[in-house]
Amino acid sequence: MASLRSFLRSGKNAVSVVLRREFSETSPAAVQVNVRDALNQAMDEELERDERVFLLGEEVAQYDGAYKVSRGLWKKYGDKRIIDTPITEMGFAGIAVGAAFAGLRPICEFMTWNFSMQAIDQVINSAAKTYYMSAGFQTVPIVFRGPNGSSAGVAAQHSQCFAAWYGHCPGLKVVSPWNSEDARGLLKAAIRDDNPVVFLENEMMYGVPFELSEEMMHKDFVIPIGKAKVERQGTHITLVSHSRCVGFCLDAAAVLAKEGVECEVVNLRTIRPLDVDTIEASVMKTGNLVTVEGGWPQYGVGAEICARIMEGPAFNYLDAPAVRVTGVDIPMPYAKILEDHSVPQIKDIIFSVKKVLNM
Amino acid sequence: MGSGRLPKTIVCEHRTSLHPQMHVKTIPCKEKNIYEQDPDILPPSGAHLRWTEGGQVVSEAASVVVSSRSYADFTPEATFDIKKVDLHRLEEGPPLTSTLTREDGLKYYRTMQTIRRMELKADQLYKQKIIRGFCHLYDGQEACAVGIEGGITLSDHLITAYRAHGYTLTRGGTVREIMAELTGRREGIAKGKGGSMHMYTKNFYGGNGIVGAQVPLGAGVALACKYLGTDQLCVSLYGDGAANQGQIFETYNMASLWKLPIIFICENNQYGMGTSVERASASTEYYKRGDFIPGLRVDGMDVLCVREATKFAADHCRSGKGPILMELQTYRYHGHSMSDPGVSYRTREEIQEVRSKSDPISMLKDRMLSNNMASVEELKEIDIEVRKEIEDAAQFATTDPEPPLDDLCSHIYANEKSFEVRGATPWTKLTSHS
């Protein structure tokens with residue numbers, strides 16, 4: 001019965017969910033949902049819940065979304081609420097922010113976050129800073145979302161990670177989900193948040209299925225922005241990561257466990273505000289830290305985490321210097337062999353852990 | 001205008017070399033000695049003028065009746081010829097006449113004078129280093145802000161760039177809170193957090209520092225008006241310098257596609273900072289730059305022209321026809337900002353010529369006086385009241401305390417419980433309140 005309820009609740013993707021359920025070995029009432037569908041369902045539910053929510057971006061309506069994340073939404077909600085824009089990021093991002101000024105709750109999709117650079121002034125100067133400049137008079141309840149970071153074979157101009165760029169700016173919230181639970185709960189939280197939220201998805205995660213419990217499928221399931229999650233308990237070393245690299249950390253942890261090294265894996269979930277408390281508590285427990293991210297090393301997310309650990313109580317618990325595993329400090333090449341060596345691999349994480357633990 | 005005695009018949013020439021389209025207009029003089037004294041001279045110190053119920057102005061110090069004019073003597077309204085508007089993709093334009101009531105005339109006069117005096121006071125305070133940073137003054141352009149507001153209502157929306165003090169006033173801000181914001185005090189309209197370029201009131205979205213960014217923002221506000229099914233529109237202003245920004249053309253496109261209720265207004269004051277329009281734009285016909293968007297080119301020094309054009313544009317939007325573009329030909333007396341003397345790229349003669357022939361406040365004053373819609377004394381009384389208001393506001397703005405340090409980290413996020421903010425050192429832990 002519970003499975004029927006969650007089947008009905010999942011709406012649009014009911015058919016695919018049922019098919020998957022037949023072949024899965026999940027516990028009763030849990031469903032397999034991939035990240036794309038989790039995002040889709042979250043938007044669908046929030047569009048239904050609040051009339052002021054609407055989606056705009058390139059190809060979001062009649063094309064069903066460049067990556068099919070908004071599939072079915074235009075058919076259900078129509079032109080007023082799902083708006084196809086011309087290829088004019090600066091213009092439509094500004095329009096989205098203005099709509100937020102005037103009381104709507106826009107979701108502004110960038111086809112990839114690389115294109116947001118055309119509109120970055122609107123995100124930072126018009127959205128992020130306005131509440132402060134107006135001393136609390138003008139709110140900006142907007143979500144900017146889209147795929148971030150490396151994809152597969154899309155080369156340098158389409159592969160940049162913007163977590164550090166946007167994470168740098170006060171006034172923004174910056175969120176980077178890993179799995180379907182994250183995607184669903186954080187997107188709902190972002191849409192319900194009265195502040196500008198930068199929502200960094202990952203194209204390579206869209207098709208990956210994860211189990212969602214009945215509780216997670218509830219219409220009001222939200223994950224608090226600004227709280228990290230310990231995905232795996234461990235005792236010897238802390239691995240802190242976000243987005244797709246969380247999965248790599250868990251894979252590395254599984255390999256290391258065979259050699260008796262128990263890694264604690266922390267999924268940041270939010271880049272800004274950074275949950276330093278959870279990281280510190282973990283480091284104070286394990287005594288060692290490796291950060292893992294897809295973005296470039298210089299002035300990156302890992303750099304910030306290491307600096308904060310240095311400055312806080314956890315420093316005294318470190319048995320070795322904290323280190324970072326990052327994307328290689330180059331524009332992303334195209335050839336597969338080169339691309340594979342431009343991003344952090346599981347073996348890089350394992351290698352770094354062993355170095356830190358002096359194994 | 002307004003400098004010494006003038007002959008009985010006054011020929012008011014509103015023509016400058018910059019605006020060749022303006023024609024000479026003659027206002028027949030109905031009254032001799034309209035200007036009995038220079039309106040800019042204050043009454044002798046110590047004297048206090050006040051109105052009696054019968055409309056008499058009495059000087060308390062001298063107990064002399066300065067004039068005996070009752071309100072019933074004044075013309076309640078008059079119709080004026082206004083300059084024809086240049087049209088782009090429009091069959092018809094705004095009317096060629098405008099009817100002004102005495103009440104509206106006095107209101108526009110007072111508001112324009114308030115803006116003028118407020119900006120001049122800001123100039124003073126800036127030179128005394130009480131105002132710092134950026135300060136972009138609006139004197140000369142008053143007819144634009146006041147005329148636009150005369151064509152819309154406060155339930156409509158408006159957004160502009162950084163030359164925003166005048167609009168903050170017409171959109172409901174008080175002189176006090178505007179000046180206190182310029183001096184960075186806690187009672188400033190943005191509690192001292194925003195400064196000259198970041199003032200907000202209801203349905204007024206600033207005050208924006210990044211040239212051109214306000215235009216798509218305004219279209220977003222217009223989208224919200226349409227989305228929410230209201231009859232409201234958004235006026236989105238930009239200057240001749242901003243008119244070449246790509247994002248403005250992106251906005252023209254989307255506003256037209258989606259028929260957004262937006263009035264694009266280009267305040268062409270002939271110079272983008274130090275660059276004249278001829279040096280910046282391949283086409284200086286800004287009212288045509290919207291291409292597929294209908295446009296009007298309007299005399300921005302005439303508050304009635306601006307008002308009629310705005311009403312016309314507002315009707316256009318409200319009837320669902322989509323966007324429309326107005327170019328207001330205007331002029332700023334000051335330089336681009338307080339750090340620009342404004343004479344390296346234009347001549348003092350040019351500035352003086354505009355001041356003497358096209359000043360918006362003088363133009364309105366001429367009209368009202370020569371049509372018996374107000375008396376010299378009455379307008380002078382308004383001047384005195386305005387000066388007092390500005391003085392009081394300036395006094396307040398220089399004595400009000402600065403914001404408390406507790407406020408440093410506030411207003412980062414809305415509707416959020418308090419959280420810690422890193423200060424300049426790792427040991428400095430500050431708190432943010434919503």
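I began with the interface and found 45 residues of chain A in contact (heavy atoms within 4.5 Å) with 37 residues of chain B. The model is predicted, and I noted that local features need pLDDT of at least 70, that side-chain atom pairs count only at pLDDT 80 or more, and that totals for chains, interfaces and linings use all residues. Residues are numbered from 1 along each chain as its sequence is written, chains are lettered from A in the order in which they are written, and side-chain values use heavy atoms, with hydrogens and water left out.

I next looked up the buried area, that is, the accessible area (1.4 Å probe) that two parts lose on being put together, summed over both. Chains A and B bury about 3500 Å² between them, and 66% of this lies on carbon and sulfur atoms. On the chain A side, A:Ile95, A:Tyr132 and A:Met133 lose the most area to chain B, together 19% of what that side buries.

I then turned to salt bridges (a side-chain nitrogen of Lys or Arg within 4 Å of a carboxyl oxygen of Asp or Glu). The rule finds two across the interface of chain A and chain B. I also recorded a salt bridge between the side chains of A:Glu311 and B:Arg422, at 2.3 Å, N to O.

Of its 75 residues, A:Phe144 and B:Tyr238 touch the most other members. Apart from that core lies another, of 72 residues, including B:Ile178 and B:Leu296.

Definitions and conventions
A nonpolar core is a set of buried Ala, Val, Leu, Ile, Met, Phe, Trp, Tyr and Cys residues joined through side-chain atoms within 4.5 Å. Buried means under 20% relative accessible area, exposed over 50%, partly exposed in between (1.4 Å probe, protein chains only).
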